[in-house]
Amino acid sequence: MKSLMKKLEHLLELGGTKKDIVLLTISGISLVVSIFDLVPLPFDAAWAAIILCGIPIILEAVIGLVTAFDIKADVLVSLALIASVCIGEDFAAGEVAFIMQLGALLEDLTVAKARAGIEKLVHLTPQTARVLRHGGEEVIPAEDVQVGDLLRVLPGETVPVDGVITKGQTSINQAVMTGESLPVDKSAGDEVSSGTVNQFGAFEMEARKVGEDSSIQRMIRLVQSADAGKAKIVGLADRWATWIVVIALTAAALTWLISGEVIRAVTILVVFCPCALVLATPTAIMAAIGNATRHGFLVREGDALERLAKVTRITFDKTGTLTFGAPKVTEIKSLSDDYSEDGLYRLAAAAEQLSEHPLGKAVVQCRRESNGEPLPPAAEFRMIPGQGVSASVEGHSVMAGNAKMLAENHVLLPESAKAEAARHQEKGRTVIYLAVDGKPAGYLVLADTLRPESAAMVRSLHQMGVRPVLLTGDHKNAAAAIAGQLRMEEVHADCLPEDKLRWIGSYQAQQQAVCMIGDGINDAPALKKADVGIAMGGVGSDIAVDAADIALVDDEIRELPHLVALSRRMMTVIKLNLTFSMALNFLAIALAITGILNPVVGALVHNAGSVLVIINSALLLKWRKKS
């Protein structure tokens with residue numbers, strides 16, 4: 001028996017949307033021929049629709065009953081089909097089968113359209129890679145690349161794995177991963193992600209993340225896990241559907257016994273199939289997931305949007321979430337008449353250009369972004385751990401570091417400069433002191449800068465009745481400075497991972513649904529603990545993304561209010577769908593009991609309801625929150 005069931009399941013899986021369209025076309029033509037008697041045949045032409053559209057429904061019902069005793073819509077539809085045939089209503093049976101399969105096709109098309117934005121990632125998976133071995137180049141399957149392999153990527157090719165460029169310069173189209181419309185210039189030392197496209201120059205790279213660990217494979221796993229069937233409310237609809245099957249069978253039997261008219265009982269079976277009820281939730285969820293994808297969100301859990309609709313607090317990590325997560329030079333102060341601020345900046349960046357320290361790299365990058373001129377070469381470079389760097393630039397001895405470095409080299413800072421620097425440090429900023437030729441020259445101020453869209457995003461959440469909370473491991477001064485700019489009243493600083501868990505747990509104990517947004521490994525426990533976890537997929541760690549329910553691929557935090565509003569709109573659509581489908585079912589059964597509806601009209605009314613539910617859900621695909 002199990003072997004037979006597997007064969008039947010295999011038969012049902014064959015083909016796809018194109019096959020369904022062909023079968024529906026043939027079935028539709030056969031119904032037209034049947035109702036108008038266009039061609040003289042020894043049998044009713046409606047049998048073509050019964051066989052092509054009805055047999056798969058009956059097989060699904062049999063498989064569900066035998067393998068899992070699954071009493072769902074297919075059982076009622078099958079009974080309606082068989083009963084219609086038994087009483088000679090061949091056209092009604094064919095029409096029921098045809099419209100049921102038409103509704104199923106519309107659902108498939110809706111779901112396919114909803115998922116198209118993320119499923120295309122699967123087709124972007126690189127198939128081959130050029131590996132440099134034994135002084136030559138070898139083309140191998142991309143899945144065979146190992147960590148540490150040296151690869152060559154030619155213009156126009158897709159980057160096969162995540163890695164770092166070791167030789168060459170190019171521009172990379174990163175739209176698939178970050179949503180950036182313009183190519184990004186890359187050179188030796190820059191990271192590249194699998195699935196992105198090399199635009200211009202050839203380059204060599206070292207593989208860092210391969211196979212299932214690569215960026216494109218992570219995205220594919222997110223696609224595969226976006227399953228609307230996981231939503232709790234779908235389970236509720238399924239439980240209703242089971243009870244409706246029982247009620248429908250009971251009503252049909254009683255109506256037959258009381259009225260003596262089997263056609264009324266058959267009509268009840270036709271109109272009471274809970275298809276619209278079952279379609280009401282998954283179609284809305286999948287359409288909402290498709291909408292979210294268009295705005296940069298990958299939904300990993302089907303019920304995540306349902307949970308998000310109930311959220312009253314959103315807790316934010318600071319670094320990398322509300323801010324860029326990278327230090328930027330925000331102020332330059334010259335203490336010497338011999339150097340302008342720009343001249344001092346130039347000397348500092350030149351001295352730091354060989355530094356491996358993140359702050360040194362930030363100084364160099366910020367200088368290059370603000371002034372594209374090449375930096376002068378640095379000689380006699382020295383890096384002193386825990387202090388700073390020194391180098392010879394254009395004949396000048398330049399030191400860039402902390403107060404300890406200057407003190408050990410007998411460079412005395414003015415008291416006024418110390419006081420100004422202290423005020424910056426109180427606000428969570430970093431100060432790099434500069435000395436030229438053994439004399440104090442000035443300092444640079446670095447700070448993690450706020451994302452330009454963060455303020456508007458927080459303001460929009462306030463307007464929606466959602467309270468934003470800052471949960472950060474940063475010093476309280478840095479946290480307070482960011483919270484002040486964003487007008488966030490609730491701030492918790494110096495948080496360890498367990499502190500974030502404790503705060504989220506305290507809100508949940510107050511019966512408040514909490515959403516957590518973060519990007520780092522230390523945010524993973526909080527992302528799991530919260531009712532909904534959203535990870536910054538672009539800058540976030542792998543662990544944070546894996547722990548979250550939703551990933552924000554392009555890090556465009558400004559879209560968060562849209563996602564919250566979308567989740568609420570989705571729940572409204574689901575409730576409307578459920579209410580409409582239930583009302584239609586009970587109205588139709590009342591008309592069927594009184595004999596007003598016959599099986600043919602009943603099938604039209606019932607399946608028209610399913611189509612309307614699908615159309616209503618599909619409207620979510622392009623829904624947009626009003627500003």
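Predicted model: local features only at pLDDT ≥ 70, side-chain atom pairs only at ≥ 80, totals over all residues.
**View 1. Glutamate 261 and helix H9.** The side chains of glutamate 261 and arginine 264 form a salt bridge, with an N to O distance of 3.2 Å. Arg264 is one of the buried residues of H9. Helix H9 spans residues 262-271 and is mostly covered, eight of its 10 residues being buried. Among them are also Ala265, Val266, Thr267 and Ile268.

**View 2. A salt bridge between lysine 500 and aspartate 317.** The two side chains meet at 3.3 Å, N to O. Lysine 500 belongs to helix H19 (residues 497-509), whereas aspartate 317 lies in the loop between strand S11 (311-316) and helix H12 (318-322), so the pair ties together parts that are 183 residues apart in sequence. Lysine 500 counts as buried at 0% relative accessibility, and aspartate 317 is buried with a relative accessible area of 6%.

View 3. The side chains of arginine 152 and glutamate 204 meet in a salt bridge of 3.2 Å, N to O. Arginine 152 is in strand S3 (residues 150-153) and glutamate 204 in strand S9 (residues 203-209); the pair links distant parts of the chain, 52 residues apart. Arginine 152 is partly exposed, with a relative accessible area of 27%, while glutamate 204 counts as buried at 18% relative accessibility. Salt bridges with shared partners join Arg130, Glu137, Arg152, Glu157 and Glu204 into one network.

View 4. The strands follow the order S12-S17-S16-S15-S14-S13, with antiparallel pairing. Strand S12 (323-334) and strand S13 (378-384) are the edge strands, each pairing on one side only. Neighbouring strands are turned by 20 degrees against each other on average, direction ignored. Helix H13 (residues 341-352) packs on the sheet, and its direction makes about 130 degrees with that of S12. Four bridges join strand S15 (residues 396-401) to strand S16 (residues 430-436); glycine 401 has tyrosine 433 in S16 as its bridge partner.

**View 5. The nonpolar cores.** The largest nonpolar core has 93 residues, and those with the most contacts inside it include Ile314, Phe316 and Ile517. Helix H22 (residues 560-593) supplies the largest share of this core, 13 residues. Leaving aside neighbours within four places in sequence, isoleucine 517 is in contact with residues including Ile314, Phe316, Asp317 and Leu560. A second, separate core of 27 residues includes Ala362, Leu375, Val389 and Leu434.

Terms used
Residues numbered from 1 in each chain as written. Heavy atoms only, no water. Pairing = 2+ DSSP bridges. Helix = DSSP H or I, 4+ residues; strand = E, 2+ residues; numbered from the N terminus. Axes fitted to C-alpha atoms, helices over the stretch in contact; angles between N-to-C directions. Contact = heavy atoms within 4.5 Å. Buried < 20%, exposed > 50% of the residue type's maximum accessible area, 1.4 Å probe, protein only. Core = buried A, V, L, I, M, F, W, Y, C linked by side-chain atoms within 4.5 Å. Salt bridge = Lys/Arg side-chain N within 4 Å of Asp/Glu carboxyl O.
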